[in-house]
Every structure is written in C-alpha cells, then in structure tokens.
Amino acid sequence: MSRIVSALPGRIRIRDRALRDRTRLARIEEALAGLEGIDGLRPNANAGSLVLHFDAARIAVEALEAKVDSIVDAELVRPRPSAGAR
C-alpha cells in the first residue's frame with residue numbers, strides 16, 4: 001500500500017497516521033537515510049508525514065518510490081509495543 005502522496009524529481013512526501021508515532025517515524029527515517037541519493041529528510045510527527053529530498057540524477061523517482069514503499073510498509077506492519085511494555 002503506497003503512502004506516497006506526492007512525488008516529484010528531487011522530492012517525495014509520505015503521509016500516514018501511523019507516522020505520528022515518533023518511534024516508528026524515527027526508525028523509518030533511519031532506514032531511508034541509508035539509501036543512496038538521499039540528500040535530506042524532514043519528518044513531521046504531528047502531521048504524520050516525512051519529506052525526502054533526493055538527487056534525481058543518482059536515483060530515479062520510480063526506483064526510490066519502490067524502496068520507500070517497501071521500507072515504510074515493513075515498519076508499519078510491525079506491532080506497536082503495548083503501553084505497559086518497557
């Protein structure tokens with residue numbers, strides 16, 4: 001399921017209510033930061049979104065979209081820790 005709401009050469013925006021969970025958002029941000037061609041990330045937990053800035057000369061937007069979808073989907077299917085878990 002794609003959570004990409006906007007994709008332009010050099011910029012992708014992801015949005016999902018589950019990204020309001022700061023722990024999940026941080027894990028996604030960490031995974032995406034390791035991808036080739038990523039120039040910067042701007043997370044916004046309050047809005048449940050993450051904007052990726054990337055070098056379109058180093059990676060095609062379509063290829064990056066597939067990687068982004070895979071990373072986000074893998075994180076969001078992980079069970080959230082219960083409120084009482086430590």
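**Sheet, hairpin and helix packing in the predicted model**

Ser49 is placed in strand β4, where helices (H or I, at least four residues) and strands (E, at least two) are DSSP runs numbered from the N terminus. The model is a predicted one, in which local features need pLDDT of at least 70 and side-chain atom pairs count only at pLDDT 80 or more, while totals for chains, interfaces and linings use all residues. Residues are numbered from 1 along each chain as its sequence is written, and side-chain values use heavy atoms, with hydrogens and water left out.

With a relative accessibility of 3%, Ser49 counts as buried; the term buried applies under 20% relative accessible area, exposed over 50%, and partly exposed in between (1.4 Å probe, protein chains only). Leaving aside residues up to four places away in sequence, Ser49 touches Arg13, Ile14, Arg15, Leu19, Leu25, Arg42, Pro43 and Asn44, contact meaning heavy atoms within 4.5 Å.

Strand β4 (residues 49-54) runs antiparallel to β3 and is joined to β3 by six bridges; two strands are taken as paired if DSSP finds at least two bridges between them. Within this pairing, Gly40 stands opposite His53 of β4, and Arg42 has Val51 in β4 as its bridge partner. The two strands β3 and β4 form a hairpin with four residues between them, and Gly48 in the turn has a positive phi of about 70 degrees.

Helix α1 comprises 12 residues and reaches 16 Å from its first C-alpha to its last, close to the 16 Å expected at 1.5 Å a residue; the expected span is 1.5 Å times one less than the number of residues. At the start of α1, a side-chain oxygen of Asp21 comes to within 2.9 Å of the backbone nitrogen of Thr23. The buried residues of α1 are Arg24, Leu25, Ile28 and Leu32. Seen down the axis of α1, these buried residues fall within an arc of 95 degrees, so they line one face of the helix; the arc is that of the directions from the helix axis to the C-beta atoms. Their cover includes β2, β3, β4 and α2. The face of α1 turned away from the buried side carries the exposed residues Arg22 and Glu30.

Ala31, in helix α1, has a relative accessible area of 35%. Ala31 and Val72 are 41 residues apart in sequence and 9.1 Å apart in space, C-alpha to C-alpha. Ala33, also in helix α1, has a relative accessible area of 46%. Between Ala33 and Leu52 the separation is 19 residues in sequence and 8.9 Å in space, C-alpha to C-alpha.

Conventions:
A polar contact is a pair of N or O atoms within 3.5 Å; within protein, one must be able to donate a hydrogen and the other to accept it, and residues adjacent in sequence count only if both atoms are side-chain atoms.
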